[in-house]
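Reader: Hi! Could you walk me through this one while I have it open on my screen?
Author: Happy to, ask away.
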Amino acid sequence: MKSLRWKETLQQLFFVANGSGFIVVFCVCFAAMVTILEASFHMKMVIQNDSMVPGFAALLILKELGAVVTALLLTSRVGAGIAAEVGLMKVTEQIDALRMLGIEPVRYLVLPRLVACVIGAVLLTLIANMVCLICAMLVSDLMLGYSPAMFLSSMRIFVKFQDLLLAAVKGAFFGAVIPLVACHFGFRCRPGAEGVGSATTQSVVVASILIIVLDFVLSYTFSYL
Amino acid sequence: MNHLAHAIDEIGRTTMFFAALLKTMFRRPSRFGDVVDQTWNVTLQSLPTTAMAGFFVGAIMAVQFTMQMRDFGALGYLGGLATSGTLREVGPLLIAFMLSGKVGAYTSAELGTMRVTEQIDAVRCLGADPLQELIVPRFLGIVISSSLLLGAGLLMSVLGGMTLGHLFAHVSPEEYVRHIPTILTWPSILIGFAKCAVFAVVLATICTYRGYSATGGAKGVGRAVVTTAVSTMMCLVVMDWVTSYLAEAVMTLARGP
């Protein structure tokens, strides 16, 4: 615990959480609206009415959309930022300099980012889920005519507290993937501006794929809980 | 307030860039070979990634729908619901997110590097139009190949859903496919592919604009890449909602009151 650089960690946390907060909330709001519209479309088709839309949509939001959309946004913002930063340090030989000074670069650079990203991703996932649900509530009130009270009571039938916790767990996993992948590509960055560019691109792609795969694995695992 | 003004500024500039792009495209068409080259490049680069993303998105949706429907004993609908849900909503969005990381970042990095190393100015010096020579082929290439890739990703998502339906929900593939047409109608498929096309245009416009207007050395290129990814994703979610909403409105009109 002592080896963790608290100040750096807090700065990173500010960058991760505060910097991405607005984008995450904005994107998640629209995702919620689409989810409600589409869920209502499907419900009407299968069981002729859409009375269970709030429950189903809330479940989909909590289990998938909130965490995944947040994580993919974080990847392209935070992951790309970290990869570019670390890659630039590698190219300008700052990492070698650290090693010369007897400082372990992994502990010095990666650990604060990892801790900050995990905490930030969990917080953002929870915020995103809440905002998404509130937004879904608004849309179903305005467009489908379910009052917030009906939405909540329908939600209670389907959603358990456990779901929110599992969403947070997913957020933590995704938050860990992002800095690890970004730092990996940053440390292996080839020299030159082009190297930094390709490290950034690769880290975003690999992290997004890993997030989708991991999401599948986690959903599969959680389904047995 | 400053942020808002800046955002509106950027939206306006991007729209003007898009207009200039369209004008160039029709007035002075680019070489056909260039467009084909770009299309081939982008498709080849991103096909494995997109296919994999599509497969897993389909798989996730199948697992989620199974868990929701098991309680109702409605697993027979799994094939239809999972396919329709993936095709109309989640599939295009998530796969386009993926592509914006891959294609968008790559293109804006490439164009940004060309801009800051003054290669774009060099093209202009030689009396050629950089929009016609560099941007329009890339734009068209990305639009064509992203539409194809998104389509391919959606097909893979059906495969993923089918596999997981078999493994997880014990719905045999025949059963799964047999129930697809009960829920998935032609309008739904059309909406899915229309979304893909819209997303492709959004993606192509933003990444070419960001790359083309990059300033300030290597750091500027890095900034361009990050803002490309972020603004693409924001526009994608907004367009996702707009297309869903419009599709709903059109369907209501077509169905009659």
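Reader: Let's start with helix packing: at roughly what angle do the axes of H5(B) and H8(B) cross?
Author: Bear in mind that this is a predicted model. The axes of helix H5 (residues 130-167) and H8(B) cross at roughly 145 degrees and come within 8 Å.
Reader: And what is the handedness of the H5(B) crossing with H8(B)?
Author: That crossing is right-handed.
Reader: Nice. Which residues make the contact?
Author: From H5(B), the contributors include B:Ile135, B:Phe139, B:Ile142, B:Ser146 and B:Leu154. On the H8(B) side, B:Phe193, B:Cys196, B:Ala200, B:Leu203 and B:Tyr212 are among them.
Reader: How do the residues of that contact divide into nonpolar, polar and charged?
Author: There are 15 nonpolar residues, five polar ones and one charged residue in the contact of H5(B) with H8(B).
Reader: I'm also curious about B:Gly211. Where is its place?
Author: B:Gly211 belongs to helix H8 of chain B, which covers residues 186-212.
Reader: Why does B:Gly211 count as buried?
Author: Because B:Gly211 has 28 C-beta neighbours inside 10 Å, and the cut-off for buried is 20 or more.
Reader: Which residues does B:Gly211 touch, leaving out those up to four places away in sequence?
Author: B:Gly211 touches B:Thr107, B:Ser108, B:Glu110, B:Leu111, B:Gly112, B:Arg115 and B:Ala224.
Reader: Zooming out, how many helices and strands does chain B have?
Author: Nine helices and zero strands, so the pattern along the sequence is α-α-α-α-α-α-α-α-α. The C-alpha trace of chain B spans about 70 × 40 × 35 Å along its principal axes.
Reader: What share of chain B is buried?
Author: Buried residues account for 50% of the 257 residues in chain B. As for contacts between residues at least 6 apart in sequence, 88% of those in chain B join residues at least 24 apart.
Reader: Great, thanks!

Definitions and conventions. Residues numbered from 1 in each chain as written. Chains lettered and ligands numbered in written order. Predicted model: local features only at pLDDT ≥ 70, side-chain atom pairs only at ≥ 80, totals over all residues. Helix = DSSP H or I, 4+ residues; strand = E, 2+ residues; numbered from the N terminus. Buried ≥ 20, exposed ≤ 12 C-beta atoms within 10 Å, placed from the backbone. Contact = placed C-beta atoms within 7 Å. Axes fitted to C-alpha atoms, helices over the stretch in contact; angles between N-to-C directions. Left-handed = near helix turned anticlockwise from the far one by under 90°. Nonpolar A, V, L, I, M, F, W, Y, C, P; charged D, E, K, R; others polar.
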